[in-house]
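Student: I have a structure to go through today. May I ask you some questions about it?
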Amino acid sequence: MEMVNVNATWEMPRRGAVKINVHGFFSEIQLANGNRSGIGVVVRNSRGTILRMLSGSLGINERGNNELYAYLEGLKRAYAEDYPAVILETDHVQSYWEWKNSTIEGGIPEHAYVLKQLNTRRRDKNFALDVRLTDPEDNELAAYLAEYGASRWNQMVVIKRSFGRVYELWSKDMGLGPVGPQFRAVNEEEMAVEVMEDGVINPPANMFVMVEQNDEEFMQNENAAFGDGFMVQIQED
């Protein structure tokens, strides 16, 4: 009987740090919306709570450059949110080593600008940065956000609510198992109440740290937009 690895898992960061998983999606053929690339970023704290997600496309048509910009988008979010200690994880081996060795060996000319920006962040003495390589199986949520963003947007979008497979992949990373209705315990009084709404399983209340803003206020925000029924906010440069 062939055995499988049951130890690979997403690991929470230490207390006081955040972990930012990033992924760059790239398609050899143009998608229906004209994109060929996408970027996914997910920020989580030491309890695994999702603080922010980013999904979208920068319109980059070269795989390696897109992967490096995925790191940069993650670091921009860390800087914007004032996170002093960050573990940055990727599953892309080539870009990881290109960045790691760039201060000694240099980099591909087409990647010079983004590598310079990344190394500026890495040299910041007030910013504790630990860059790690992880298994693709432990980076599925960022990969999902990257592919999702490539197929829908031509800019980066900050997402503050669960949608699609986000809850499913978060639950898997947390070691909480399947999320189907048969796996969800309910209170006795709830037995007559459906545990799903419109086919979407409700995530736990502590999965996200939400900005307190009602829907009417959100609608009035000139930077607000809608995508597939969940609220998103266009990222400002």
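Predicted model: local features only at pLDDT ≥ 70, side-chain atom pairs only at ≥ 80, totals over all residues.
Student: Which residue just after helix 5 takes a positive phi?
Tutor: Gly 175 does, with a phi of about 75°. Helices (H or I, at least four residues) and strands (E, at least two) are DSSP runs, numbered from the N terminus. Residues are numbered from 1 along each chain as its sequence is written.

Student: What is the mean pLDDT of the chain?
Tutor: The mean is 82, and 77% of the residues reach 70 or more; pLDDT is the predictor's confidence in each residue, from 0 to 100.

Student: Back to helix 5: which of its residues are buried?
Tutor: They are Val 166, Tyr 167, Leu 169, Trp 170, Ser 171 and Asp 173. Buried means under 20% relative accessible area, exposed over 50%, and partly exposed in between (1.4 Å probe, protein chains only).

Student: How many bridges join strand 4 to strand 5?
Tutor: There are 6, and the two strands run parallel; strands pair if DSSP finds at least two bridges between them. Thr 90 stands opposite Leu 133 in strand 5.

Student: And what about strand 1, how many bridges does it share with strand 4?
Tutor: Strand 1 (residues 18-26) pairs with strand 4 over 4 bridges, in the parallel sense. Asn 21 has Glu 89 in strand 4 as its bridge partner.

Notes:
Heavy atoms only, no water.
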